[in-house]
Amino acid sequence: MNWLLQILDPATITGFFTQFQTEVQQPAFWVALGKIMWINILLSGDNALVIAMACRGLPPRQRFWGMVLGAGVAVFLRIIFTGIVVTLMALPYLKLVGGLALLVIAAKLLVPEHEDESDTEAAAHLWAAVQIVAIADIVMSLDNVIAVAAAANGSIPLLVIGLAISVPLIVAGAALIMALLTRIPALVWAGAGLLGWIAGEVMATDPALQPHLHAFFNGPVGTGLDGFLKSLGMAPQFANNGHGGEVVLGIIGIAIVLIAGSVWRKRKLQGAEHSATA
């Protein structure tokens, strides 16, 4: 809580603008700003996907605000997390819990929403969509902000401005993805599966789980799998602390999301049918 009070401290805000006025006159500032924007564009594809999938069920007049608020929350969280990311990344079980939360979010995105709803219900769904984006971004941004923080090289003005400029880019990406989801509903399942893959990878890199994965795949299992990959002309992935464990958990994440989402979706549709016939 102290870090939040420090951010809101008038002295901190004044120092921010003073630092900005000094750095903006230096060419290195603009070079670093371009790096941050480019990095954020490359790393924001998953955020645009989450925003699009979370907002696709909103009424048309709510979708724009859902995308804008969702992107704004995502960028705000990245700014906050950059200051504490080193501490967060070192905490065991954080990524594990976050990955489980992302699995639930991904499965929930497969569940249809009621289209005939009042303005109050629509507004509630709007804020629910923003909350989904916020939670998902918390999970997925832990690794991404490291690259952004490195490009900023300790400059808070660079970080804030670079990420703030990226908001329209995230919204544009979300709008494009949402249009594709509307035209090709099957992409919703692909998107949910992708989020399941990301969740599996996040959990695989948790400090509490990663050593056990490496120990497991450094044994006979990993050696056998690498031998199979070599027979197919592929590079080894499992032994010697490889990234094969992340791939395995990513595949498991896809399976969990699609299976749980299918069951959840089926029950929701059956409930809607019973309500319609009652």
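What span should the 15 residues of helix α6 (residues 94-108) have at 1.5 Å a residue, and how far apart are its end C-alpha atoms? I looked up both. The expected span (1.5 Å times one less than the number of residues) is 21 Å, and the end C-alpha atoms are 21 Å apart, which agrees.

I note the ground rules. This is a predicted model, in which local features need pLDDT of at least 70, side-chain atom pairs count only at pLDDT 80 or more, and totals for chains, interfaces and linings use all residues. Residues are numbered from 1 along each chain as its sequence is written, and side-chain values use heavy atoms, with hydrogens and water left out.

I checked the fold. I found 12 helices and zero strands (DSSP runs numbered from the N terminus: helices are H or I, at least four residues; strands are E, at least two).

I turned to burial (buried is under 20% relative accessible area, exposed over 50%, partly exposed in between; 1.4 Å probe, protein chains only). Of the 278 residues, 40% count as buried. In α6 the buried residues include Gly 98, Gly 99, Leu 102 and Leu 103.

I looked at contacts (heavy atoms within 4.5 Å). Of those with a separation of 6 or more, 82% join residues 24 or more positions apart.

I ended with pLDDT (the predictor's confidence in each residue, from 0 to 100). The protein averages 75, and 71% of the residues score at least 70. Where pLDDT is low, the predicted coordinates should not be read in detail.
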